[in-house]
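Here is a short briefing on one helix pair and the nonpolar cores. The structure comes first.

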Amino acid sequence: MQHSKRIYLVGSRGSGKTSVGQALAQRLAWDFVDTDALLCEMQGKSIAEIVEAEGWEAFRNYESLALLVAAKESKNVVATGGGMILREKNREAMRENGVVIFLEVPPEELARRLGADPLEAQRPSLTGKTLLAEVKEVLSARQQLYEDSAHITIDGAQTIKEIIDNIMELLETKLVS
């Protein structure tokens with residue numbers, strides 16, 4: 001894998017970016033960074049606390065800062081927040097500094113995963129709608145950004161092992177610009 005110093009995982013909440021990222025980093029013997037965890041550590045607050053106290057715009061600013069901090073290290077796998085792709089400068093920074101992989105998962109599976117996740121209560125709603133309705137709406141609004149950001153799209157509904165095996169095969173065989 002001479003072509004990249006960094007791998008960015010993008011996708012919706014619940015797409016498996018953190019789980020896949022940790023396993024991929026272990027397989028590559030690289031470091032792992034979760035930008036949501038990093039920004040919470042940097043701010044000393046949870047995402048919900050940041051959004052409640054300062055609003056979404058401030059959170060997005062902290063998210064962009066966390067991406068810059070994560071990009072300072074090489075040989076790392078970076079799991080990004082679901083909205084990281086909303087800012088063009090973030091999309092460009094990821095594409096220019098590494099390989100961007102979109103973990104694509106159908107909305108029904110995302111809603112199932114998020115509903116079973118005990119951390120879900122810590123994530124503020126983006127729309128105030130039911131979980132499945134919110135997942136569909138947010139994914140619809142972001143799908144093209146995920147696709148445009150990605151060098152590689154992977155079926156994220158598979159097992160973590162299958163996803164990692166597919167990523168490794170594609171990284172070794174696909175010419176990534």
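α6 crosses α7 in a right-handed sense, meaning that the near helix is turned clockwise from the far one by less than a right angle. This is a predicted model: local features need pLDDT of at least 70, side-chain atom pairs count only at pLDDT 80 or more, and totals for chains, interfaces and linings use all residues. Residues are numbered from 1 along each chain as its sequence is written, and side-chain values use heavy atoms, without hydrogens and water.

- Contact (heavy atoms within 4.5 Å) involves Pro 107, Glu 108, Leu 110, Ala 111, Leu 114 and Gly 115 of α6, and Leu 131, Leu 132, Val 135, Lys 136 and Leu 139 of α7.
- Helix α6 spans residues 107–116 and helix α7 residues 131–149; they pack at about 130 degrees, with axes 9 Å apart.
- Axes are lines fitted to C-alpha atoms over the stretch in contact, and angles run from 0 to 180 degrees between N-to-C directions.
- α6 and α7 are therefore oblique to each other; angles under 35 degrees count as roughly parallel, over 145 as roughly antiparallel, 65 to 115 as roughly perpendicular and the rest as oblique.

**Nonpolar core**
- A nonpolar core is a set of buried Ala, Val, Leu, Ile, Met, Phe, Trp, Tyr and Cys residues joined through side-chain atoms within 4.5 Å; buried means under 20% relative accessible area (1.4 Å probe, protein chains only).
- The largest one has 29 residues, and Tyr 8, Val 10, Leu 39, Phe 59, Met 94 and Tyr 146 have the most contacts inside it.
- Its largest share, 6 residues, comes from α4.

Terms used
Helix = DSSP H or I, 4+ residues; strand = E, 2+ residues; numbered from the N terminus. Buried < 20%, exposed > 50% of the residue type's maximum accessible area, 1.4 Å probe, protein only.
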